Amino acid sequence: MSENEMMQAEAERPVVLKVDHVAKSFKLPTEQATGLKMAFLNWTKGIKGYTEQKVLKDINFEVHQGDFFGIVGRNGSGKSTLLKIISQIYVPEQGNVSVQGKLVPFIELGVGFNPELTGRENVYLNGALLGFSRDEIDAMYDDIVEFAELEEFMDQKLKNYSSGMQVRLAFSVAIKAQGDILVLDEVLAVGDEAFQRKCDNFFAEIKKDPTKTVILVTHSMDAVKRYCNKALLIKDGEVVAYGDKNDVADRYTLENLKREKAEEKEHNEQADKYALGLSREVPTFKISPVVDKLWTCDETFEFVIEYEITKKDVGDFYIPMSVLDVKRGGVPYDCGVSFKFNQTGLHKIHFSLPLHLFNDGDFKIIATMREIPDTNNLREFNQLAFTNDENSCYFSIRNEGTTNFAGLLNDRALRISCDSIN
């Protein structure tokens with residue numbers, strides 16, 4: 001199906017959720033008046049006793065019937081508040097939310113469960129809280145119990161369940177509730193491996209049902225790319241990306257890397273004048289990307305090492321570098337003593353790293369600056385500087401149709417061949 005045909009097919013599907021110019025603020029207390037006199041004095045000084053925090057600012061989007069719609073964002077971005085407005089737990093101060101069909105929200109697994117009641121009683125209690133009649137719960141009960149694999153435990157009290165059993169029951173109620181719109185908040189990584197495979201199969205099946213709509217809030221970009229057909233990224237209460245799931249997921253990855261580097265920089269600015277790895281003799285030594293973006297294995301990553309040497313008697317020095325795999329661990333590449341220099345003062349060196357052997361992943365380039373009297377004996381050296389975490393260079397690779405299971409692409413980097421069998 002072409003892109004135009006897909007857009008036309010989406011336009012023909014009805015809108016089941018419309019969020020129109022929604023805004024929400026909370027009042028946070030700052031000073032508590034201890035009496036009438038203090039309250040009057042605060043009033044005369046213009047002190048309100050609270051500050052207003054704008055959590056959501058003019059949020060707009062639509063979800064069509066049959067969508068598997070992802071909502072992503074860092075903690076504190078406003079996702080949970082938006083979810084509670086969609087679920088009619090909160091009322092927006094501005095704008096409105098319209099829902100067509102029965103919306104079943106699961107903000108937190110197990111909310112509404114009573115440990116003193118049996119598993120069976122908790123299923124009916126949870127169903128009633130979600131607005132289902134007893135007859136409707138009767139119709140779904142067998143499916144819920146079968147999916148949770150708890151048939152022989154349903155007449156035991158919930159307090160005797162293990163935490164894993166409770167999670168399985170809560171999740172089964174969540175996904176087997178026969179609503180038109182299912183709202184799930186961070187509930188994918190539940191249960192053991194076998195149960196997670198079962199959940200994967202369920203989501204694969206529900207995606208095929210054009211009458212069911214799922215709204216998924218998650219921090220897992222793998223889940224967004226695997227399940228969702230559309231997604232939304234919220235940052236500081238505003239929509240910063242909306243539409244294509246891959247664009248949203250990649251933007252979220254970049255936002256995380258930028259935020260982490262900014263937090264590290266702020267922390268280090270409060271440290272000593274010379275950050276870890278630097279000194280009066282080498283006050284500058286850092287690695288930066290030429291272009292800050294997500295890369296593919298068909299591109300070449302270009303970066304710059306900037307250094308300053310004030311030491312007068314420096315002769316030849318080397319800059320060894322290593323590429324670290326941030327998530328999986330390990331060192332995919334180490335250049336050793338390939339690069340030798342002798343210029344003091346402030347300089348920038350341009351480097352290129354072909355990425356054709358790399359699989360999906362997040363990587364970091366680190367470097368040291370060393371005087372090495374004898375390159376045949378690399379254990380004897382004088383270290384002048386090294387890049388701390390702030391001054392190292394992070395980059396991410398995402399390739400269409402691949403996974404991040406291994407650090408190297410199987411068909412390009414390494415391939416195990418079968419020679420014989422006895």
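Visitor: Is Cys228 buried or exposed?
Guide: This is a predicted model. The relative accessible area of Cys228 is 1%. Since buried means under 20%, Cys228 is buried.

Visitor: How many disulfides does the structure hold?
Guide: A disulfide is a covalent bond between the sulfur atoms of two cysteines. Cys335, with a relative accessible area of 6%, is buried, and Cys228 is buried at 1%. The number of disulfides in the structure is zero.

Visitor: How many salt bridges does a search of the whole structure find?
Guide: One of the pairs is Lys364 with Asp389, at 2.7 Å from N to O. A salt bridge needs these atoms within 4 Å. The search of the whole structure gives a count of 16.

Visitor: How many residues apart in sequence are the parts tied together by Lys159 and Glu116?
Guide: The two side chains meet in a salt bridge of 3.4 Å, N to O. Lys159 sits in the loop between helix 5 and helix 6, and Glu116 in the loop between strand 5 and helix 4, so the parts they tie together are separated in sequence by 43 residues.

Visitor: Are Lys311 and Glu371 buried or exposed?
Guide: Their side chains form a salt bridge of 3.8 Å, N to O. Lys311 is in the loop between strand 12 and strand 13 and Glu371 is in strand 18, 60 residues apart. Both residues are buried.

Visitor: Where is Asp389, the partner of Lys364?
Guide: The salt bridge between Lys364 and Asp389 spans 2.7 Å, N to O. Lys364 belongs to strand 18, and Asp389 to the loop between strand 19 and strand 20. Lys364 is buried at 15% relative accessibility. Asp389, partly exposed at 31%, is therefore placed across 25 residues of sequence from its partner, in the loop between strand 19 and strand 20.

Visitor: What is the phi of Asp58?
Guide: Most residues other than glycine have a negative phi. Asp58 lies in strand 2 and is partly exposed at 45% relative accessibility. Its phi is positive, near 55°.

Visitor: Where is Asp236 found?
Guide: Asp236 is not a glycine, yet its phi is positive, about 50°. Its relative accessible area is 44%, partly exposed. Asp236 is in the loop between strand 8 and strand 9.

Conventions
Residues are numbered from 1 along each chain as its sequence is written. This is a predicted model: local features need pLDDT of at least 70, side-chain atom pairs count only at pLDDT 80 or more; totals for chains, interfaces and linings use all residues. Side-chain values use heavy atoms; hydrogens and water are left out. A disulfide is a pair of cysteine sulfur atoms within 2.5 Å. Buried means under 20% relative accessible area, exposed over 50%, partly exposed in between (1.4 Å probe, protein chains only). Helices (H or I, at least four residues) and strands (E, at least two) are DSSP runs, numbered from the N terminus.
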